[in-house]
Amino acid sequence: MTSILFVCLGNICRSPMAEFVMKDLVKKAGLEKEFHIESAATSTEEIGNPVYPPACRKLAEHGIGCAGKTARQLRREDYGRYDWLIGMDRGNLREMGRICGGDPDGKLRLLLDFTDRPGQVADPWYTGDFDATWRDVEEGCRGLLEAITGGKTDRK
Ligand code: 4NP
């Protein structure tokens with residue numbers, strides 16, 4: 001069993017998109033029973049709120065649902081509960097380290113580190129560009145799944 005927690009600032013756009021894209025990829029690979037996948041926020045801004053409607057619509061365009069998901073905040077104990085905690089941007093990663101009290105096991109990563117174009121997932125909050133976010137999230141999740149199933153996670 002591999003457990004993954006995707007993390008962004010609000011947990012209503014980027015990290016839930018990653019959560020449901022990854023669940024879809026895992027399901028299509030017939031590996032549903034091998035994975036536990038969730039998402040969380042670094043901030044308290046959107047706690048309890050559903051996935052932002054434009055993010056939900058982008059997922060739906062690709063046949064992926066996100067019903068029932070509500071934002072929750074990352075907690076220090078999540079560090080011990082998940083194998084991988086995957087941030088969307090460098091600000092997320094910094095906050096994740098602060099909330100978790102460090103990263104002794106090398107579990108904190110950026111999603112696009114699992115692609116051949118490392119960097120930050122496009123943030124749609126101010127741009128409204130959910131296509132760019134979709135492309136980043138989809139490519140990152142494919143790379144992450146490949147890294148885990150191929151054993152190329154290279155944990156420190
Ligand atoms: P997310 O997007 O971090 O991808 O869920 C945002 C959601 C809410 C805010 C910023 C980004 N906000 O400032 O409330």
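**Close-ups of a predicted model**

Strand β3 (residues 84-87) and strand β4 (residues 108-110) run side by side in the parallel sense, joined over 3 bridges. Strands here are DSSP runs of E with at least two residues, helices are runs of H or I with at least four residues, and both are numbered from the N terminus. Two strands count as paired if DSSP finds at least two bridges between them. Before we go on, note that this is a predicted model, in which local features need pLDDT of at least 70 and side-chain atom pairs count only at pLDDT 80 or more, while totals for chains, interfaces and linings use all residues. Residues are numbered from 1 along each chain as its sequence is written, and side-chain values use heavy atoms, with hydrogens and water left out.

**View 1. Strand β3 and its neighbours.** Look at I86: it stands opposite R109 in β4, and I86 is also the bridge partner of F6. Buried means under 20% relative accessible area, exposed means over 50%, and partly exposed is in between (1.4 Å probe, protein chains only).

**View 2. Strand β1, wrapped up.** Of the 7 residues of β1, 7 are buried, so this strand is largely enclosed by the rest of the structure. T2, I4, F6 and C8 point one way, while S3, L5 and V7 point the other. β1 also pairs with β2 (35-41), in the parallel sense and over 7 bridges. Pick out I4 and you'll find its bridge partner in β2, I37.

**View 3. Helix α2 and its two sides.** In α2 (residues 53-61), the buried residues are A55, K58 and L59. Seen down the helix axis, they fall within an arc of 100°, so they line one face of α2; the arc is that of the directions from the axis to the C-beta atoms. An α-helix has 3.6 residues a turn, so residues three or four places apart point the same way. Turned away from the buried side of α2 are the exposed residues R57 and E61. What covers the buried residues includes α1 (14-28) and α6 (130-149), where contact means heavy atoms within 4.5 Å. After α2 comes G63, with a positive phi near 75°.

**View 4. The second largest pocket.** Its volume is about 160 Å³, and its lining is made up of F20, K23, D24, V26, K27, E32, F35, H36 and I37. Helix α1 gives the most to this lining, with 5 residues. By type, the lining divides into 4 nonpolar, 1 polar and 4 charged residues. Nonpolar covers Ala, Val, Leu, Ile, Met, Phe, Trp, Tyr, Cys and Pro, charged covers Asp, Glu, Lys and Arg, and the others, Gly among them, are polar. A pocket is an open set of points on a 1 Å grid over the protein atoms alone, where a 1.4 Å probe fits, with protein on both sides within 12 Å along at least five of seven lines; lining residues have an atom within 4 Å of a point. Grid points are joined across faces, edges and corners, and the volume is the space filled by probe spheres set on them.
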